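Please open the structure in the viewer and keep the selection tool at hand. The stops below are given in the order in which they may be selected.

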Amino acid sequence: MAALLEVSGLTMRFGGVTALSGVDLAVGEGELVGLIGPNGAGKSTLFDCLTRRCAPQEGRVLLAGEDLARLPAHRVAGRGVARTFQNTALFPGLSVRENVMAGAHRHGRAGFWGAALGLAAGEERRLRETADALLARFGLGEYADHPPEALPYGTTKLVEIARALAAGPRLLLLDEPAGGLAPAEVPAFAGLIRRLHAELRLTIVVVEHHLDFVLSLCRRIVCLERGHKIADGPADAVRRDPAVVAACLGVTR
Amino acid sequence: MTGVRGAALTGHRRPAVGLAAGDRRRTWPWRRAALAMTVVAAAGLPFVLPPYRLFQVTLVLVYAVALLGLDLVVGHSGQISLGHGAFFGVGAYVAAVMIGRLGLPYPVTLPAAALVTYGLGWAAGLPALRLRGLYLAVVTFSVAVVLPPLLKRFPEVTGGAMGMPVATPRGAGLDDDQWIYFLVLATAAVAVAGIRNLTRSRGGRALTAIRQHPAAAEVLGMQAASHLTRAFAWSAMYAGVAGALHTWTTGFVAPDTFTLSLSITLLAGAVIGGLATPAGPLLGALVVTAVPAAARELNPAAPGLVSGLLIVAVVYAAPTGLAGLLRRAAAAVAARLPAGRRA
């Protein structure tokens, strides 16, 4: 399996706090990797480095061989990286459909002049169709015209994934997608992600606190603790790793 | 795959529908009828109103065009511009100099004013919007402060501190004030259509996204500085167009019309009218026209103070402005209608 994402020696410090310390990680094309660890382990910071939200002091992030540090943050989406945020980051001023259309921003070309003169109608229709198809896939078609605040939390999580998919990513980063879901919803949600992974041939990294969810979803698990990678391997092995048990299971159970 | 049903997945709380969910199409029951009535009223107005009232209505439309532009920066982009009155003044002077000094026909002054202010908007916005927020406020503030003395500095061109009279447009078959009203109305209609198209497009979504969640917007590939600079240039262009219309309407320009206090009044109008709402600019324009005139009767220095107090009052009591209050009133009326008539 060719490595789509190659992280080497990544170190990220915020003032005196070292959020990541020499982290290496390779994710192959089409892999579905779970990233676990206690609060403050550096999971979200790692995502921030992968999307250029943070500029790490040391180390490299290669996406399909290209150094992401050379790109401005808004170009990372164009290289096929999409993510969701820990506490959902939908735009409350836009309807559910418009949120997903905003996800497809990089597939549009219309500028201010074209739009104001009414020349962007064709492109707009195309983006709208993309958005509606995605919403239908998630069973969210009936909410398309609603503002996101009108939806239950679990549904906004789905909308955010739909928005990330609208960008047409190769690498999808999900930051605690199951956080805040009712326990009964979790298995169906895991099934959804598994299907997306299989059908869209995506490479997915999932950060998750919900260990049952992530262990049932991912064959490979990476564990971070205080900025260090302490485990990386098959889910069954990582689950039994004493260091992981001490770091994660002891805390979150 | 058919996908997981959202409702099945999140069955513990059913989303509200219709009014309560904010489905905007249903809050105002007779949208088309209201639009048709507005068109009829707008076309009939100049034949009913006495000239002075018509002049005031024309001015409201002029300010509405300016506020449409300001709303793009303040409402849609969430930035503060204190220089809108200056761009308005530049547009007014471009029109005045072209008509009064160069003897050009008035129709060419509108695109010229638009072009000049669009360019100035780029020039002012480009450095400021890379830093945004307070920096933009300071840069635009200084633009507003610099303009009046600059205009007074070149009396051969601008007429100096005394200003200069300008011939107003004349149309066949109509009184001057009626003709100007229709010119301004047509320009305002085009301006509304342009902003409507713009804010509902990819660029408009990006502005909302950048204002509400800059991190998520960037991850989706939206470059904040480029979108904000474009929005600022567009806003300056709208101010310039409104300024040219102002010259057509009043037939006079003077430096002291376009001071910092005009910029602040316009900002107050945008906030009081309601930010990022379709009706906000028009309601704000009513405020911009009526409030300073009424306040001046109390005391010549009162308009700035009254505008400031009104901003505070609106932000405190009705953050969505007059447009928000009206929408809530319309929703309350619609909720009391028999269910069958609501759709």
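Confidence in chain B is lowest in helix 1, with a mean of 37, and highest in helix 4 (residues 84-100), at 96. Helices here are DSSP runs (H or I, at least four residues) and strands are likewise (E, at least two), numbered from the N terminus. This is a predicted model, in which local features need pLDDT of at least 70 and side-chain atom pairs count only at pLDDT 80 or more, while totals for chains, interfaces and linings use all residues. Residues are numbered from 1 along each chain as its sequence is written, and chains are lettered from A and ligands numbered from 1 in the order in which they are written.

Next, select residues 1-25 of chain B, where pLDDT stays under 50. For this stretch the model has 49 contacts beyond four places in sequence; two residues are in contact if their C-beta atoms, placed from the backbone, lie within 7 Å. Where pLDDT is low, the predicted coordinates should not be read in detail. Chain B as a whole has a mean pLDDT of 86, and 89% of its residues reach 70 or more.

Select helix 2 (residues 31-44) of chain B. Is helix 2 of chain B largely buried or in the open? The number of buried residues among its 14 is zero, so helix 2 of chain B lies largely in the open. From first C-alpha to last, helix 2 of chain B reaches 20 Å, close to the 20 Å expected, the expected span being 1.5 Å times one less than the number of residues.

Then show both chains and select their contact, which takes 50 residues from chain A and 36 residues from chain B. On the chain B side, helix 8 (176-199) and helix 11 (224-250) are among the helices that each supply at least two residues. Helix 9 of chain B gives the largest share of that side, seven residues.

Finally, turn to chain A, divided into domain 1 (1-80 + 169-253) and domain 2 (91-168); these bounds come from an automatic or database domain assignment. The C-alpha centres of the two domains of chain A lie 26 Å apart. Nine residues of domain 1 of chain A are in contact with eight residues of domain 2 of chain A.

Note on methods. pLDDT = per-residue confidence, 0-100. Buried ≥ 20, exposed ≤ 12 C-beta atoms within 10 Å, placed from the backbone.
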